[in-house]
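Please work through the exercises below with the sequence and the model side by side, and try each task before reading its solution.

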Amino acid sequence: MPRRRDPCGPRVVYRTARVGLRVTVGQRRRCFGLLRSAGDVWACLLEINGWRRRCGDAPLVGYQELCRELAASGPGTFAELDSTGARSVLRRFSDAWFAAAKRRNSGDVSARFPRRRRGLVPVRWYHGTFTVDERGVRIPVAKGSPSLWVRLARDLPYPPEQVRSVTLLCEGGRLFLDVTAEVPVATYPPGEGPDPGRVAGVDLGVIHPYAVAGPDGEGLLVSGRAIRAEHRMHLADSKARGRAVARRAPKPGQRGSRRWRKYRRRTRLVQGRHRRRVRQAQHEAAATVVSWAVRQRVGVLHVGDPRGVLEVPAGRRHNLRLRQWQVGRLMQVLTDKATLAGITVHLVDERGTSSTCPACRRRIPKPRGRSLSCPHCQLTGHRDLVAAAIIATRIPGGGPTTPTAAVVLPGVLTHRRAGRHLPGAGRSRRDPRRPAPVAGGSVGPRRPAPPSGGESLARKARIHNPHRTPGERSWTPH
């Protein structure tokens, strides 16, 4: 999140929370009408630049130029969408175009300019154009249209006077409102706040999203096995659902039936619910790390940047795991929460932290499990915590990767879990997507091998045909 310093007050950061909407049928129709009108604005920009490209003219991509073109179109061109919401679409288009141009100028030939039509485009309104109530928001509409009040599914997480912008969007067939607020950074009594001299290392992973090694031999492990199980079960459920309806899928170019549209809508709902579950678990994991750092009075977090491994092809299955890892979101969520708590976050190079012994500085073969053991000096420890302890000694912005200071391995370890709300993660109920247990029950404990020359300890086999001797066929081939 962007951060600035207010000369008349404390330091503030910008936070965004997504809140669902409870709307009537008419309100839902009008909200989707605003999103479709924003899609029409996007389509108009694509057509205008297409005409200019065919005529050999320069593209129209500057925000000021686009605003003048919008003003020349006149009021009422895009139904109930007001000029403020339309200008937010122009800003989104201009930012996307210049971001692609910057990437192409730097040598990235895979960057593409925005040239694809979008049916529903998010619309943003800034402070002073909307009204925020305790449980409702008045969304601005075009002049002459009736006012549009929408009810929020829950209370705003921020005071109304701190809200700076609201964004209407659709995800998985549901309407949401992204509320951005200006929140002051947390303040602490003297001697109890984060100390800039206390540094902790953070190692990012799949099994453990965050492994933290503190300065006083304190360690934290946040388990993400529930998140990994959510990804695995969602993938299996999606494959099973696709196989079940493969025969009813329309041919390419053929219009789908009403049943097929219902199935697609249900699929979007399931996808949106899966994304919300994973996002909430990631926020819980980051909040656990920040609260632990505040208790330890850690002022600086050195986070290992593992994004270099994302560009290395590692096969179909492992590439899927890396995509589901969402390491960029983990880093962003941790940075946002740490900044709000007054903790500084630095990205450092994590190369070799999981395969280097912190005591003898020699390379260690990659272990199969989570336990790391050095064959040279017999040092044993948790693989992720050893990496986090080495990351804490790395210098931000580059420099030598060999630890210059003594590596302090955690001696007191705290275990936490992320995603207690996920199906099957708690003790209340099992995941409904898991297959039903075998009707016969468990196979039971393994029995020891029979003694030599003695009788087997296994149960007697049940023979359904007592008139047939063992080895005799129950039918005779013709």
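The exercises that follow concern a predicted model, and each task is followed by a worked solution.

**Exercise 1. Strand β8 and its partners**

Find out which strands are joined to strand β8, and decide whether β8 is mostly covered or mostly open.

Solution. Begin with the strand itself, which spans residues 174-184 and is mostly covered, since nine of its eleven residues are buried. Next, look for the bridges: nine of them join β8 to strand β2, residues 12-22, and these two strands run antiparallel. Within this pairing, Val 19 stands opposite Leu 177 of β8. Then turn to strand β7, residues 163-171, which is joined to β8 by eight bridges and also runs antiparallel to β8. Here the bridge partner of Cys 170 is Leu 175 in β8. Finally, follow the chain from β7 into β8, where the two strands form a hairpin with two residues between them, and where Gly 172 in the turn has a positive phi of about 65°.

**Exercise 2. The packing of α5 and α7**

Describe how helices α5 and α7 pack, giving the angle and distance of their axes and the make-up of their contact.

Solution. Two packed helices are described by the angle between their axes and the distance between the axes. For α5 and helix α7, residues 327-340, the angle is about 45° and the axes are 9 Å apart. The two helices are therefore oblique to each other, and α5 passes α7 in a right-handed crossing. On the α5 side, the residues in contact include Arg 279, Gln 282, His 283 and Ala 286, while those on the α7 side include Arg 329, Leu 330, Val 333 and Lys 337. Sorted by type, the residues of this contact divide into eight nonpolar, two polar and three charged.

Methods: Residues numbered from 1 in each chain as written. Predicted model: local features only at pLDDT ≥ 70, side-chain atom pairs only at ≥ 80, totals over all residues. Heavy atoms only, no water. Buried < 20%, exposed > 50% of the residue type's maximum accessible area, 1.4 Å probe, protein only. Helix = DSSP H or I, 4+ residues; strand = E, 2+ residues; numbered from the N terminus. Pairing = 2+ DSSP bridges. Axes fitted to C-alpha atoms, helices over the stretch in contact; angles between N-to-C directions. Parallel < 35°, antiparallel > 145°, perpendicular 65-115°, else oblique. Left-handed = near helix turned anticlockwise from the far one by under 90°. Contact = heavy atoms within 4.5 Å. Nonpolar A, V, L, I, M, F, W, Y, C, P; charged D, E, K, R; others polar.
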